[in-house]
Amino acid sequence: MDEFVFHNPTTIYFGKRYEAEVGRIAAQYGKRVLLHFGGGSAERTGLLPAIRKALTEAGIFYFELGGVQPNPRLSLVYKGIELCRKNSIDLILAVGGGSAIDSAKAIAIGTVYEGDVWDFYTGKAFPTKALPVGTVLTIPAAGSEASPGSVITKEEGLLKRAVNADCIFPRFSILNPERAFTLPPAQIANGVTDIMCHLMERYFTNSKPVEFTDRLIEATLRTVIAAAPRVLANPTSYDDWAELMWAGTVAHNELLNTGRVGDWASHDIEHELSAIYDIAHGAGLAIVTPAWMKYTLKHDVARFAQYAVRVWGVEDNYFDPERVAREGIARLEVFWRSIGQKVRLSEIGIDDSRIAEMARKCTDDDAHTVGHFVPLRSKDIEAIYRLAL
């Protein structure tokens, strides 16, 4: 196990009743709030009106910035920064899923920075301070409600990049499983896929021994695999959504990567797909991840075989671990298909015309490698895209 420091400052309010207390909770951080959200679903379900009422009753002045899209855009982040500076905002309250939360985090670090917030996403600068961020989660998926990460897309150049910094851990997050009841099946499938990939990115590591966190990740994966079909069959099952929502938070709140170095190549490779084609992140991961597994399998066949046995129930075979490992990958694809995902680029209408471009962009023309389990160059990434066709 590697040395580590673990700290998660996000206070989680989990359950049905805490939405009504959002005003009281937010008031701990000031009296001027930017309410940041996506489209009309939070309005239609009554969530935004309830939050506005709670903020008003708590004596909070709130300003609104809607319009967050999947793969949140830098242009809207700039508008949020301007709003926060103009109105002396004390807290940014994100209402929605990972896109709204990631956008709020970008606004939070950009407001207190003299330069261009995009500097943080290109590595030209590193954020050390931010406005406080709170969240009301509606989509279990990204885990951004308790993580130090933010992913933003710059429209010019179609660049999707991430930053991770302790200063953008949300100060609090309100999680009510009832808020997921109205999600459409495709969004449920994309959320489930994202959660699973957060777990698998951590699972495939060169750090040893990591038995304790291996077991935690395996258990979380098995919980998600069991809960997903149940919420698809019964979208108003509070108990099943509770399992899935909490698993999604724990999958990405840094606990499960303690003492180990995760990979994250699949995420970086997928970012190029969703930057150019504007597909959902989870949909892209369902295609990229199995291809990455097939490409890197021989680096550590024993780990892939362990994953197959412990997560997917493949019968162990000490004489042919590669067969076991490949069966685990096959079962992952079967599961994702069973919840409505596509697992090939051709199935979503993407051909090979921009594969070389995406591979070059992923490594900044081979200025760096991608991934830790197996460091990948652009030629490797191009091969993975082709495996995914």
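## The sheet

Six strands form an open sheet in the order 1-8-5-4-2-3, with parallel pairing. Strands here are DSSP runs of E of at least two residues, helices are runs of H or I of at least four, and both are numbered from the N terminus. Two strands pair if DSSP finds at least two bridges between them. Strand 1 (11-14) and strand 3 (61-65) stand at the edges; each has a single partner strand, so one side of each lacks a neighbour in the sheet. On average, neighbouring strands are turned by 20° against each other, direction ignored.

Strand 1 runs parallel to strand 8 (residues 172-175), joined by four bridges. Isoleucine 12 faces serine 173 in strand 8.

## The model

This is a predicted model: local features need pLDDT of at least 70, side-chain atom pairs count only at pLDDT 80 or more, and totals for chains, interfaces and linings use all residues. Residues are numbered from 1 along each chain as its sequence is written, and side-chain values use heavy atoms, leaving out hydrogens and water.

## Tyrosine 121

Tyrosine 121 sits in helix 6 (residues 118-122). Tyrosine 121 is buried, with a relative accessible area of 4%. Buried means under 20%, exposed over 50%, partly exposed in between (1.4 Å probe, protein chains only).

Valine 163 is 42 residues away from tyrosine 121 in sequence, yet 5.3 Å away in space, C-alpha to C-alpha.

Methods: Axes fitted to C-alpha atoms, helices over the stretch in contact; angles between N-to-C directions.
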